Amino acid sequence: MLRFLARRSLFVVVALVAASFGGFVYAYLARTGAGNPLFPGVLQIESGAQLACFMFVFRKSGPKSPVFLRIENAAFRSGVVPGDELILLCREFKNQKRRFISDVQGLVRDRVAFEARISGMIMDA
């Protein structure tokens, strides 16, 4: 994690505790009958995308409606199981008037769980 932070100039760290998985994810795992429950990768990416969106909109004045355009270079490197703490990191790669590109990464202990590049933009009201 320190190597990631040392290379990033602008970042936000948010802790997401996946110990109980919350209601929706727990129900999802119960329905699938998973013997080895994992925090689904799609929800890991969604969490990172929401963080990227928050960082972009936070800098703008007034309410904005962001949408995601693209997920690139997504890679899942290790699983997130009950009891793990998933740390989300986000760095804005490009920030324009209406568009953004951010790099997101999820860390569990000393390993990378996932990483991706998220693109999005603000829709007109």
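Trainee: Is Asn-73 buried or exposed, and what is its relative accessible area?

Mentor: The model is a predicted one. A residue counts as exposed when its relative accessible area is over 50%. Asn-73 is therefore classed as exposed, with a relative accessible area of 65%.

Trainee: In which element is Asn-73 found, and what is its phi?

Mentor: Asn-73 belongs to strand β2, which spans residues 65-76. Most residues other than glycine have a negative phi. Asn-73 is not glycine, yet it has a positive phi, near 50°.

Trainee: Where does Arg-109 lie, and what is its phi?

Mentor: Arg-109 sits in the loop between β4 (99-108) and β5 (111-123). This residue is exposed, with a relative accessible area of 58%. Arg-109 is also a residue other than glycine with a positive phi, near 55°.

Trainee: Which residue forms a salt bridge with Arg-109?

Mentor: The closest N and O atoms of this salt bridge are 2.9 Å apart, and the partner of Arg-109 is Asp-84. Asp-84 lies in the loop between β2 and β3 and Arg-109 in the loop between β4 and β5, so the pair ties together parts 25 residues apart in sequence.

Trainee: Which residue is linked with Asp-84 and Arg-109 in a network of salt bridges?

Mentor: The count of salt bridges comes to 5. Asp-84 and Arg-109 form one of them. The network that links these two residues also includes Arg-111.

Trainee: How many residues apart are Arg-77 and Glu-115, which form a salt bridge?

Mentor: The closest N and O atoms of Arg-77 and Glu-115 are 2.4 Å apart. Arg-77 is in the loop between β2 and β3 (85-95), and Glu-115 is in strand β5, so the bridge links distant parts of the chain, with a separation of 38 residues.

Trainee: Which of these terms, exposed or partly exposed, applies to Arg-77, and which to Glu-115?

Mentor: Arg-77 has 52% relative accessibility and therefore counts as exposed. For Glu-115 the value is 24%, so this residue counts as partly exposed.

Trainee: Over the face of which ring does Arg-117 lie?

Mentor: Arg-117 also takes part in a salt bridge with Asp-103, the closest N and O atoms being 2.7 Å apart. That pair links Asp-103 in strand β4 with Arg-117 in strand β5, 14 residues apart. Asp-103 is buried, at 13% relative accessibility. At 3.7 Å from the ring centre, Arg-117 lies over the face of Phe-93.

Trainee: Is Ser-102 buried or exposed, and what is its relative accessibility?

Mentor: Ser-102 lies in strand β4. Leaving aside residues up to four places away in sequence, Ser-102 touches several others, among them Ala-52, Cys-90, Phe-93 and Arg-117. Ser-102 therefore counts as buried, since its relative accessibility is 0%.

Trainee: How many disulfides are counted?

Mentor: The sulfur atoms of two cysteines must lie within 2.5 Å for a disulfide. Cys-53 is buried at 9% relative accessibility, and Cys-90 is buried at 0%. The number of disulfides comes to 0.

Trainee: Is the ring pair of Phe-54 and Phe-58 stacked, edge-to-face or tilted?

Mentor: A search of the whole structure finds 2 aromatic pairs. In the pair of Phe-54 and Phe-58, the ring centres are 5.5 Å apart and the planes meet at 35°, so the pair is tilted.

Trainee: In which helix do Phe-54 and Phe-58 lie, and which of these two is exposed?

Mentor: Both residues lie in helix α3 (residues 41-58), 4 residues apart, about one turn of the helix. Phe-54 is partly exposed, because its relative accessibility is 48%. With a relative accessible area of 64%, the exposed residue is Phe-58.

Trainee: In what order do the elements of the protein run from the N terminus on?

Mentor: The protein has 3 helices and 5 strands. From the N terminus on, their order is α-β-α-α-β-β-β-β.

Trainee: What share of the contacts with a separation of 6 or more comes from residues 24 or more positions apart?

Mentor: Of the 125 residues in the protein, 38% are buried. The protein exposes about 7500 Å², and carbon and sulfur atoms supply 57% of that area. Among contacts with a separation of 6 or more, residues 24 or more positions apart account for 65%.

Methods. Residues numbered from 1 in each chain as written. Predicted model: local features only at pLDDT ≥ 70, side-chain atom pairs only at ≥ 80, totals over all residues. Heavy atoms only, no water. Phe/Tyr/Trp six-rings, centres within 6.5 Å; stacked < 30°, edge-to-face > 60°. Helix = DSSP H or I, 4+ residues; strand = E, 2+ residues; numbered from the N terminus. Buried < 20%, exposed > 50% of the residue type's maximum accessible area, 1.4 Å probe, protein only. Lys NZ or Arg CZ within 6 Å of the ring centre and 35° of its normal. Contact = heavy atoms within 4.5 Å. Areas by Shrake-Rupley, 256 points an atom, 1.4 Å probe, with all protein chains shown as cover. Salt bridge = Lys/Arg side-chain N within 4 Å of Asp/Glu carboxyl O.
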